[in-house]
Amino acid sequence: MADKRYSELAADGLWHNNAGLVQLLGLCPLLGVSSSTVNALGLGIATILVLVCSNVSVSLIRSAVTDAIRLPAFVMIIAAVTTCIELLMQAYTYELFLILGIFIPLIVTNCIILGRADAFAAKNPVLPSAVDGFMMGAGFALVLLVLGMLRELVGQGTLFANMHLLLGPIAANWTWVVFPDYKEVLFVILPPGAFLFMGLLIALKNVIDNQIKARQAQRLEAPAAAGSKRVRVTGTIS
Amino acid sequence: MAMAPISPPHAMGSNRTRTIMLQVLGATLPGVALLTWFFGWGTLINILLASCFALVIEALILHLRKRPVMFFLNDGSALVTAWLLALALPPYSPWWLVLVATGFAMVFGKHLYGGLGQNPFNPAMLGYAVVLVSFPVEMTSWPVWRGIEELQPALTPTLGLLEGLQRVFIPGSLPADGWATATALDVVRNNSALTMAELRATEPALGGMAGRAWEWVSLAWLAGGLFLLYKRIYSWHAPVGMLGALALMSLLFWNGDGSASNGSPLFHLLGGATMLGAFFIVTDPVSSATSPRGRLVFGAGVGVLVYVIRVWGNYPDAVAFAVLLMNLCAPTIDYYTAPRTYGHARATRGMGKGQSERH
């Protein structure tokens, strides 16, 4: 585990072991606030920040904390970091803070964060832990963002509406009305739409993975056919 | 030529999918005729649109799934789904509403689960529920019926074909007032001041038995359903279970004809989509329970839920939600209602079935 290269950490976090699509962790905020791009981006960034900070802190104290008390210690750290983020959001993006509401403090209970703290940061040095935290958080934030954009597009027919809540006055007129005169599709804006689009995204990832696997198998098969023909009835060659 | 020996009895049953589907479509005709008489061309436009959309979408998905296209298109199941969905939607629904409902029913209700026979939910009701949740305004504007102008001159029914087409394809081009009104279920639900007798005198939506015009359409569904029962397309269990449970519930909770009335049993039996649901929706062999006793329980569950949602819920009618909720329960019902096989010991019932059989 400790000798994993950073590129592997990145591939794991963003794709192979994606928190949202593969581990299916943190579904509550993922489904709860992905109704628009700005909400999704806000929560995604907050989650990345919490994940990096908590991974770094846990990694720093990993040799001082015994197994018996590690979980309470991790939760304390995560809760402290989350509270900091919450206060920051309250200070700088107050309206978004109001919209995201309970989901910001709920980052504490997000399984990804405790999961990465226990499974990775508690066993690895600081720098890999920080990279792992960032990549896992980025993978989660990306899924959140794609889901938010899809649901905003299909649900309201717009993209990047209200981005000024997060980015300030520069983003005041970023709202892109993709379909003018669009009827709001309440079903997509409400929670069932999140489940539906989440399912579609997971299916899409599996389709892509299967195609990659099939292509690799094809590449591997070609030289194998030219090899020696040895008849063997039982067992496998090791 | 070698002839494959076929053992007797050589029954020429009506058990082919296509025949069954066509008979179901035939049984809806009296209801369709009455709907067309009362509401104009809207129902027929709905049916035509939904059928076209459903067939095209079905063909497309069968092609994507690499299944024989014509074989499955010919079995008529897509047509029945579209047809029932079209009857459930308000006449003169905008074309995109029909498209969304049919598309959702075919893609998410049917094919994502593996096609005909594999769907846990009734596809038509799934499509209906999605548009009901998504577009409450369109879904609750039921057009007024023939004959209302004599009661309320401000309202005019849409009867002409051109006017109807305009409503469907260019929604918003015609005045939005005066052509749609609240249904009888809505009127009774929202009423808190008038007794039922006063309500009948002032509200044109209320007829002698249930909703004006609606009661006759309901009786037509009943007639179609009795025809299907006579043809043994399905057994009596599910419809009787649903109607019985609904009658029982509405009798138990019937608080008279005062201003807080929940509506009489007759009102609930002939109002809304009760009859359409009882004879064309809960009888779906795929998404309901399997055994006769199971179907009785399934139907009864739908009946109870319909009443609960109508009277204490937030939606105007409840058949779609009740059916979907009971679809979810159907596998469990099957576990507890396994019949005894002839010549064998009593079937073990309940969730731990597999374990007790091994002993």
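Let's start in a loop. A:Phe160 sits between β1 (158-159) and α8 (164-167) of chain A. Those element names come from DSSP runs: helices are H or I runs of at least four residues, strands are E runs of at least two, and both are numbered from the N terminus.

Some ground rules. This is a predicted model: local features need pLDDT of at least 70, side-chain atom pairs count only at pLDDT 80 or more, and totals for chains, interfaces and linings use all residues. Residues are numbered from 1 along each chain as its sequence is written, while chains are lettered from A and ligands numbered from 1 in the order in which they are written.

What is the phi of A:Phe160? It is near 60°, a positive value in a residue that is not glycine. In general, most residues other than glycine have a negative phi. Is A:Phe160 buried or partly exposed? It is partly exposed, with 19 other C-beta atoms within 10 Å. The cut-offs are these: 20 or more other C-beta atoms within 10 Å means buried, 12 or fewer means exposed, and partly exposed lies in between, with C-beta atoms placed from the backbone.

Chain B has a residue with a positive phi too. B:Tyr92 has a phi of about 65°, and it is not a glycine. Look for B:Tyr92 in the loop between α4 and α5 of chain B. B:Tyr92 counts as buried, with 27 C-beta neighbours inside 10 Å.

Now chain A as a whole. It has 10 helices and two strands. Along the sequence, the pattern reads α-α-α-α-α-α-α-β-α-β-α-α. The C-alpha atoms fill a box of roughly 70 × 55 × 30 Å along the principal axes. Of the 238 residues in chain A, 35% are buried. Take the contacts in chain A with a separation of 6 or more: 79% of them join residues 24 or more positions apart. A contact means that two C-beta atoms, placed from the backbone, lie within 7 Å.

Next, the record for chain A. An unreviewed UniProt entry lists "transmembrane region" at several spans of chain A, among them 40-65 and 185-204. A caution: UniProt positions are in the numbering used here, feature names are shortened, and annotations may be inferred rather than shown by experiment. What does the model give there? Residues 40-65 of chain A are 81% helix and 0% strand, with end C-alpha atoms 34 Å apart. Residues 185-204 of chain A are 90% helix and 0% strand, with ends 23 Å apart.

On to chain B. Here we have 17 helices and two strands. The radius of gyration is 22 Å, close to the 21 Å of the globule rule for 359 residues, so chain B is as compact as a globular protein of that length. That radius is taken over C-alpha atoms, and the rule is 2.2 Å times the number of residues to the power 0.38. In chain B, 45% of the 359 residues count as buried.

Chain B splits into domain 1 (15-181) and domain 2 (195-336). The bounds come from an automatic or database domain assignment. The two C-alpha centres lie 20 Å apart. Where do the domains of chain B touch? In all, 29 residues of domain 1 are in contact with 27 residues of domain 2. On the domain 1 side, α1 (17-39), α4 (77-88) and α6 (123-134) of chain B each give two or more residues. The largest share, 10 residues, comes from α1(B). That side of domain 1 has 20 nonpolar, nine polar and no charged residues. Nonpolar means Ala, Val, Leu, Ile, Met, Phe, Trp, Tyr, Cys and Pro; charged means Asp, Glu, Lys and Arg; the others, Gly among them, are polar.

One helix to finish. In α8 (residues 161-169) of chain B, the buried residues are B:Gly164, B:Arg167 and B:Val168. They span an arc of only 95° around the axis, which puts them on the same side of α8(B). The arc is that of the directions from the helix axis to the C-beta atoms. Why does that spacing work? An α-helix has 3.6 residues a turn, so residues three or four places apart point the same way. The cover over the buried residues of α8(B) includes α2 (42-64) and α5 (95-110) of chain B.

Last, how do the chains meet? Four residues of chain B are in contact with five residues of chain A. The chain B side has three nonpolar, one polar and no charged residues.
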